[in-house]
Each structure stands twice: as C-alpha cells, then as structure tokens.
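Have the sequence and the 3D view open as you read.

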Amino acid sequence: MLTFRLAWRSFLRHRRRSAITSLALALGLAMMLVVVGIANGAHARMVELGVRMGAGHVIIDGKGYREERDLEHVIKQPRDVLAAARKISKVRAAVPRVNASGLLSAGDSSVAVVFTGVDPSIEPSVSEAASNARRVAGEYLRSHDQMEFANQPSDIYIGAQLAKNLNLGLGDRVVLTASPRGGGNPASIAFLVRGVFQTGLAELDGFSVQIPIEDAQKLLDLGSSITEIALMLEHADDVGAVVSAMRAAIPERTELEVLPWQEALAELHETIVLDDAGTYLMMAVVFVIVGIGIFNTVLMSVVERTRELGVMMAIGTATGRLFRLVMAEAAILAVIGCAVGLGIGLSFHSYLSTTGLDIQEMFGNKMSVAGLMLEGRMYSRLMGSSVAAWTVIIACIVLLSALYPAFRVSRLKPIEAMRHV
Amino acid sequence: MSESVVEIENISKVYKQGSVEVHALRGVSLTIEKGDFAVLAGPSGSGKTTLLNLIGALDEPSEGRIALDGVDLSHMRSGALANLRLHRIGFVFQAYNLIPVLTAYENAEYPLLLQGVPVARRREAVRRVLDAVGLSGFEDRRPSELSGGQQQRVAVARAIAAGPALVLADEPTANLDSKTGTELVELMHGLKEEHEVTFIFSSHDPKVVDRAERLIRLQDGQLVSDERRSA
C-alpha cells in the first residue's frame, strides 16, 4: 500500500508529463483497435464475397480433382455426402455443383466459357452471381420440374459481358458444347437465355454461365456424379470445426477431400495473411515507439529523483521496495493509458461497426483486392478476446520498458545517489 | 556507568579517484557512549562525513571494524544493512531530506510504515515527535510548503520517530540561517535530554560545535582530539 501510495503521488507530481505519456499509450492502443478492427472487417467482407463469388466456406470434391481438373475425380454418391453435410448444425446450406468448361455458340459466334451446373432452388441464396441483386435482366434458372413442357430447352443464365459479346437477348437460343467424361466425342445441348447477371468481375461476367445441374450431368455423361459440394456456413469462423466434422463424416474409401476456403481460395487467404502481417508490422513499430517513450519517461523520472531515492535508501528502504515503486509507477501509467485507450478505441470501433466506412468515399473508387470488388460499406470487427490480448500486450510493453529503470534504481548506492544533483 | 552504542576499531577508508588513492580515514578508533551528544569537527576533507557514513552503515571501511549495539557491520549484506539502518539509526542530512510527495506527517511516519508498526501506535508516535519538534498543525504540509528550518525539523522528527539507538546528523545546519540553525541545535539537545537519544553530528558550524558535549576533532583522516565538555 505504501509503495502504491508513493507511486500514485509520483504519478500526480508531474501531471502534464504523466498525462502526455498516458495519452501516447492510449492513442497507441486506440489506433491498434481501430486499424485491426477495420482490417478484420475488410477481411471478413472479402471472405464473404470470395465465398459467394466462387466456392463456399468449405469445398468437398474428389481426391485429385484440384490437381487434374478432370472428370475422373468426382463425387460419386452426392446424396450421401449432402445428407451428411446437412446434419452438421453450423452448415447453412450444402450446395451440389458441376463445374466444367465448354464452348458457348450463338449463331456464327462461339466463346469458351466455364459453366456451372447448379440446383436452381438453392443457388440464388448462396452465390453472388445467382443472387437477385446481381441480376440485370430476366429471371433466374428454373429446374427441370418447373418447366412447362417436358422437352422444352433448359434455361441458361449468363454474364452481362458475355451476352453483349455474343449479342444475346432474353429468350435467345444458344448451344453449349463440351467433352464428356472419358474423352468421347463432344456433346451439345441447346439452351434459351433466361437471365443475365453482372458481378463486376470480368471472369464471371464475360466467361461464365449457369445451367441446371441435370443438363451438366447429361452433357458430361456424369450420371448422378457431381464435381463439388460447397458448404455455406452461418459463421466464417466455424470453418475449422466444420471441416473436421465433415472429414469425420465421410468414409475413407469415398476418396473425397474436404477443403476450407483458406485452401480453396488460396490467393485470397494469402492476401489476407499478408495484409495482417503488414498491419502487425506497422503496429509493432508503433509499439516500439510507445515503448521507447515510456522508457524515456520512466528513466527521466528516476534519474531526476536519484537524490531522493538515495535518501529513501539511507533511511532504510529496501532496494526491492524501490524496484517495486518504479514498477508500480509504470503499472499506474499502463492502467490509465490502457483504460483511456480502450475508451477511445472502442468508441471509434462502435461507430465503425454500426455506421461503417464508405469504401468509395475512402478510396475514391471501388477497390479490387485479390480479384474481388469491394464496394458499399466496410464495418469494423473486433473480438473481445483480441481486444483483451492487445491491451495486455500494451500493458506488458509498458512494464518491460520500466524494467531497466527499475533495475537501475535497485542498484543505486545510497551515498552516491545522495551526492547526485 | 555508560554502555557503548558504537565501537570503532582502527578503521581506514581509501577511495580511488581515478588512479589516485585518497586516504579519507587513517586508523581511527572511537567509542560512542549511549546518551552522547557528540560532534565530529574538522575542516572539509578531514574525513568527518566519511566517518559518519561508516557509522551509519552507508559505506564500508577499507580496514578495521565497526560494531553498532554490539553487532559487527562487516560482511553484512546490503539488505541486512538497510534493515539495520531502518531499525537502529535515524538520519538527518544537510538538505532535501524529505520525500517530496509525502506530507510532513507522512514523512515522519515513513520509517514506522517500513517497520510495519500498527496504525494506532504509529499515529501516536508521529503526533508525539511532531509535537516534540514544534510542528503540530503542519502535518498536512508538503516539504515544498515548509521553510528550510521546518523541513529539517521534520527530518529530525522522522529520525527519532522509531526510537533509534542513535541519530546521525550530517551538517544539519549547513543550509539554515544562524537563528534557525541555533534553534535546531537547541531542539536536538532538548530531545537528547528528554528522550535519551544519542546524537552524532558532523559539522564545522560553531553553533553546533559550541553545543557539543563531546567534541571529536579530525584532521587529514586522523583523530586529533576527543574532549568531553559539560553542557
């Protein structure tokens, strides 16, 4: 108590200096929280968008499909796998797909496209291209049992740029040609353009189409096999748990692999990891500067009190108590600095997590990261555990910075210290 | 019949100043009796402050032996010495004696807090010593709000608060005007009479030297005279 009382009085003795040092500390922490919060928010947006643009939070496909991209490595019992996936509570949707490439022809023109066979009843709720928000004309695909006539050509849903390039309008007839499994003669199926989408991504808008999954299976001679099952989760954070659960649910002999988006969307994942590394490096620099500031303040306050500390030692204060005194002063600095920093940082965070930041306003334009267009608003995201961790780290930096001055004090000799002016 | 508080046997102190050896004390032997009001006098450089620091366990002799209350100070570790200073010795230095962030009351209380004296006894002891040095009513003042003489009185109060075996005062009047200095010496003399505290001063101030009951003169690190005088 005596040590703490002395430390508190010393803290109050140079109010301005203490205030400035605490504020530097507070701003360091607040900046950390804001920067990390925005980065987390942006990354979450990128993941969400990446997952919706392409894959899913978790991808299941045949072992070897990723490397070979052929139709020999497919999912042969999609029903069983879909049923197993839908039993996992964190899975919002399990989506069957057939991905392949082919040639889309209209009249005299042809374009090489990537086509995806989808279940029209599920796809619009999980995929960006199929969503209502991205549709610029017509309607989305109908499944076979929604068609008016049995032998009517199926629907095809195409990108806006592709429609423009092939000069296609709603209801126009196109032919999709692809090589079936096993490398037989190319097969063709005719479709009628049902709708047009625009995502802002050139690869999707110019070179991709969606068709009912049955047509894709027929075109590729897959029978009931499919090339991938995408799992959409309630929360992106549950990926690890779902991957484990899914791996456990699939028997070894089915020769399937279960990939988290971090592997399926490796480029996006690397971008995020790199961005995080940049953020942490920047914060490390800020922390070093804060640490040097604290070190300087504590050392200065100790050096200018050398005489006084010498008297305290002479009249019987143990060196251990003086060490604790300096550390207690640093601890007070840390507690006040962190409290103010949390106050400032969390206020900003609360504003940024509800109102958000307008990306266009901030960057003056749409921002493209790892092939994804970021637009609209970005929101700050922080987890309680990471806020606590950063606060503890800052507090530890303060205490570490005070170690040397405290150690120096504990090595003072009373007579020499009292001669100090 | 007197008992000794400090026994000094043939001590020497050599400092190294760069490559030069300075012999601050050369073979000094001395015994301080309980109830002494002794002044170590001599010109500057005579070794009086060095001797006082050695008696106060703030420094170690190069040779010889010092015992305080029969306890040999040689080979004691710095922690044990700090503890000994806390419990057995009161200090009054030239100036800037006090902890600036503590009030007069808290400064006088400080050694008692370190000793872990219970609150009731602490309060009583601090009131008593502040009263004895004539500073009742100044309890809540910080050192910066006290005059130089008042600050030295608080230092005296702090020195005697815990009932030490002896009080060491290193040039306590050096920074005071002559009237205040005289008052301080009179105060300490009165405390010696009333509370049977043993005082050792180092000083060349005539006000202190004149009041000495035992005058120990040092020159060039050697004891040149030791005379007892009636009060």
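## Where the chains meet

Keep in mind that this is a predicted model. The contact between the chains draws on 19 residues from chain A and 20 residues from chain B. On the chain B side, helices α2 (78-88) and α3 (104-115) each put in at least two residues. The top contributor there is α2(B), with 6 residues.

What is the make-up of that chain B side by class? It has 13 nonpolar residues, along with 5 polar and 2 charged ones.

## A helix pair in chain A

Over in chain A, helix α1 (residues 2-13) packs against helix α13 (residues 319-354), with the axes 8 Å apart and an angle of about 55° between them. The two helices, α1(A) and α13(A), are therefore oblique to each other. The crossing of α1(A) over α13(A) is right-handed.

From α1(A), the residues involved include A:Phe4, A:Trp8 and A:Phe11, while α13(A) brings, among others, A:Arg321, A:Leu325 and A:Ile332. By class, this contact splits into 9 nonpolar, 2 polar and 3 charged residues.

## A sheet in chain B

Chain B has an open sheet of 6 strands, in the order β6-β7-β8-β3-β9-β10, and the pairing is mixed. From one strand to the next, the twist averages 15°.

Zoom in on β7 (residues 166-170) and β8 (residues 198-202) of chain B: these strands run parallel, paired over 5 bridges. Here B:Leu166 sits opposite B:Thr198 of β8(B).

Notes
Residues are numbered from 1 along each chain as its sequence is written. Chains are lettered from A and ligands numbered from 1 in the order in which they are written. This is a predicted model: local features need pLDDT of at least 70, side-chain atom pairs count only at pLDDT 80 or more; totals for chains, interfaces and linings use all residues. Two residues are in contact if their C-beta atoms, placed from the backbone, lie within 7 Å. Helices (H or I, at least four residues) and strands (E, at least two) are DSSP runs, numbered from the N terminus. Ala, Val, Leu, Ile, Met, Phe, Trp, Tyr, Cys and Pro count as nonpolar, Asp, Glu, Lys and Arg as charged, and the others, Gly among them, as polar. Axes are lines fitted to C-alpha atoms, for helices over the stretch in contact, and angles run from 0 to 180 degrees between N-to-C directions. Angles under 35 degrees count as roughly parallel, over 145 as roughly antiparallel, 65 to 115 as roughly perpendicular and the rest as oblique. A crossing is left-handed if the near helix is turned anticlockwise from the far one by less than a right angle, and right-handed if clockwise. Two strands pair if DSSP finds at least two bridges between them.
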